[in-house]
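Please look through the model below before reading on.

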Amino acid sequence: MGKTLKAQIVQPEDIAYIWEEVAPLLDRVKEHSEGELETDDFLEPLTHGDMQLWIATEQSDVHAVMVTQLITYPQKKILRIISLAGEDFEEIRSFQEMIEGFAIKLGCTALEMWGRKGWKKLLPDWKDTYIVYTKDLKMRMQ
């Protein structure tokens, strides 16, 4: 029998109570990033309501976690998925309907996510609009 997951947004005032449980999941994302954020960098924006923390739970166990941020461009508003981690994709999929409704309620016209190429096959109704290129300059700064 499959898992019955409940996806929910965590209110800013409740972040501190769940942080020890979600931080290890968020840590998993670092190895696939370019070093933009450490896990603890999320804490202040989450507790101030500048970012949103979403969790998928079964009973009291957290199986997946997602961090989003409202981005207002000059011509449109979007909800960006900043970080997303879980045991398997089906657990992460449990967020989809809820996050779309949240984005629409805020007046967002789209969701945005930066991710590795492998995400494309898991998100068939998403468009891969562009690629983010990076070039490390740390060696030139010494």
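1. Basis. This is a predicted model: local features need pLDDT of at least 70, side-chain atom pairs count only at pLDDT 80 or more, and totals for chains, interfaces and linings use all residues. Numbering starts from 1 along each chain as its sequence is written, and side-chain values use heavy atoms, with hydrogens and water left out.

2. Salt bridge. How many salt bridges does a search of the whole structure find? The search finds one. The side chains of Arg80 and Glu112 meet in it, at 2.5 Å from N to O. The pair links distant parts of the chain, with Arg80 in strand 4 (residues 77-86) and Glu112 in strand 5 (residues 110-113), 32 residues apart. The term means a side-chain nitrogen of Lys or Arg within 4 Å of a carboxyl oxygen of Asp or Glu. Strands here are DSSP runs of E, at least two residues long, and helices are runs of H or I, at least four residues long; both are numbered from the N terminus. Side chains of opposite charge can pair when their charged atoms come close.

3. Setting of that pair. Are the two partners buried or exposed? Arg80 is buried, at 13% relative accessible area. Glu112 is buried too, at 14%. Buried means under 20% relative accessible area, exposed means over 50%, and partly exposed lies in between (1.4 Å probe, protein chains only). The C-alpha atom of Arg80 is separated by 8.6 Å from that of Val67, 13 residues apart along the chain.

4. Thr68 and its polar contacts. Thr68 sits in strand 3 (residues 61-72). Thr68 counts as buried because its relative accessible area is 0%. Which side chains does the side chain of Thr68 contact? One is Gln52, in a polar contact of 2.6 Å. Another is Trp54, in a polar contact of 2.9 Å. A polar contact is a pair of N or O atoms within 3.5 Å; within protein, one must be able to donate a hydrogen and the other to accept it, and residues adjacent in sequence count only if both atoms are side-chain atoms.

5. Trp54. This residue lies in strand 2. Trp54 is buried, with 1% relative accessible area. The C-alpha atoms of Trp54 and Ile18 are 36 residues apart along the chain and separated by 11 Å.

6. Leu25. Helix 1 holds Leu25. Leu25 counts as buried, at 6% relative accessibility.

7. Negative patch. Which residues form the negative surface patch? They are Glu20, Asp27, Asp40 and Asp41. Glu20 lies in helix 1 (residues 15-30). Glu20 is exposed, with a relative accessible area of 68%. Patches are made of residues with over 30% relative accessible area and no salt bridge; like charges are joined within 9 Å and nonpolar side chains (Val, Leu, Ile, Met, Phe, Trp, Tyr) within 5 Å. Lys and Arg count as positive and Asp and Glu as negative, while His and the chain ends are not counted. A charge is placed at NZ of Lys, CZ of Arg, CG of Asp or CD of Glu.

8. Nonpolar patch. Tyr73, Trp114, Tyr130 and Val132 form a nonpolar patch on the surface. Together they have about 440 Å² of accessible area. Areas come from the Shrake-Rupley method with a 1.4 Å probe; for residues, only the protein chains shown count as cover. Tyr130 is in the segment after helix 5 (119-122). Tyr130 is exposed, at 52% relative accessible area.

9. Lys127. The segment after helix 5 also holds Lys127. Lys127 counts as exposed, at 68% relative accessibility. The C-alpha atoms of Lys127 and Glu112 are separated by 9.7 Å, and the residues are 15 apart along the chain.

10. Backbone check. Please look at Gln59. Gln59 has a positive phi of about 55 degrees although it is not a glycine. Where is Gln59 found? Gln59 is in the loop between strand 2 (52-58) and strand 3. Gln59 counts as exposed, at 77% relative accessibility.
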